[in-house]
Amino acid sequence: NPQKAGEVVSAAVQGAEKTAKAGVQNAYNQAKAMPGEFDPNAFKGISIGIKNDLSTLPEPVVIDKTLTHNASQALKHIDSTINKPFIPNEAATVNNQPLTLERVDQIRKTLSGLRKNAWSHSDADGRATSAIVRSFDKQIDNLVNSGAFSGSPQAVKAFNAARSAHA
């Protein structure tokens, strides 16, 4: 029965996707669990770096608060969080916690949520927000591997393995 065969193949593909996603999440969790902090000054130029990336693409990204609302919100989120000497946490009583991989990952989760919303808004917003997330990832990769992260070599290796598994 062709329909039954299609269902079996579909279930197998979905199972493989879930397994791969769990593996990536496990790799990130291992990296985040290792001690290490970013130098707070390392993030001072990240917003400018992202904007430079967007404007120098073969098809430069144009951000407009109406047409690309989610992309605009993503840039504002980056400006209001990671460019500070600490990452704000509305649930914390003290907001001077060190910049760890886990705290940076929280910003990425917000950016990923905006990217998901962007695709339901418009293709232009989806493309723009996706470009911001890619640039953010590139900037963080560069910081982790440049010595701006004080974690052990194992933490850097675990982070790079997680990023490779995700790609």
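This briefing walks through the helices, aromatic rings, cavity and pocket of one protein.

Welcome to the structure, which is a predicted model. The protein has six helices and zero strands, and along the sequence these give the pattern α-α-α-α-α-α. Of its 167 residues, 37% are buried. Among contacts between residues at least 6 apart in sequence, 72% join residues at least 24 apart.

**Helix α4**

- Helix α4 covers residues 101-121, which makes 21 residues.
- From its first C-alpha to its last, α4 reaches 30 Å, close to the 30 Å expected at 1.5 Å a residue.
- As background, an α-helix has 3.6 residues a turn, so residues three or four places apart point the same way.

**The aromatic cluster**

- How many aromatic pairs does the structure hold? There are two aromatic pairs.
- In the pair of F38 and F43, the ring centres are 5.1 Å apart and the planes stand at 70°, so this pair is edge-to-face, a label used for angles over 60 degrees.
- F38 also pairs with F149, with 4.9 Å centre to centre and 55° between the planes, and this pair is tilted.
- Why does the pair of F38 and F149 tie together parts that are apart in sequence? F38 lies in the loop between α1 (2-33) and α2 (46-55), while F149 lies in the loop between α5 and α6 (153-166), so the pair links parts that are 111 residues apart in sequence.
- F38, F43 and F149 together form one aromatic cluster.

**Q139 in helix α5**

- Q139 sits in helix α5, which spans residues 123-146.
- With a relative accessible area of 15%, Q139 falls under the 20% cut-off and therefore counts as buried.
- Which residues does Q139 touch, leaving aside those up to four places away in sequence? Q139 touches I46, G49, I50 and D53.

**The cavity**

- A search of the whole structure finds one cavity of 30 Å³ or more.
- About 120 Å³ of space lies in the largest cavity.
- The lining of the largest cavity draws two or more residues from each of α1, α4, α5 and α6.
- By class, the lining of the largest cavity divides into six nonpolar, no polar and six charged residues.

**The second largest pocket**

- The second largest pocket has a volume of about 250 Å³.
- This pocket is lined by 13 residues, and the closest to its centre are P60, V61, A124, R127 and A128.
- The lining of the second largest pocket has eight nonpolar, one polar and four charged residues.

Note on methods. Residues numbered from 1 in each chain as written. Predicted model: local features only at pLDDT ≥ 70, side-chain atom pairs only at ≥ 80, totals over all residues. Heavy atoms only, no water. Helix = DSSP H or I, 4+ residues; strand = E, 2+ residues; numbered from the N terminus. Buried < 20%, exposed > 50% of the residue type's maximum accessible area, 1.4 Å probe, protein only. Contact = heavy atoms within 4.5 Å. 1 Å grid on protein atoms, 1.4 Å probe; cavity = no way out; pocket = protein on both sides within 12 Å on 5 of 7 lines; lining within 4 Å. Points joined across faces, edges and corners; volume = space filled by probe spheres on them. Nonpolar A, V, L, I, M, F, W, Y, C, P; charged D, E, K, R; others polar. Phe/Tyr/Trp six-rings, centres within 6.5 Å; stacked < 30°, edge-to-face > 60°. Expected span 1.5 Å × (residues − 1).
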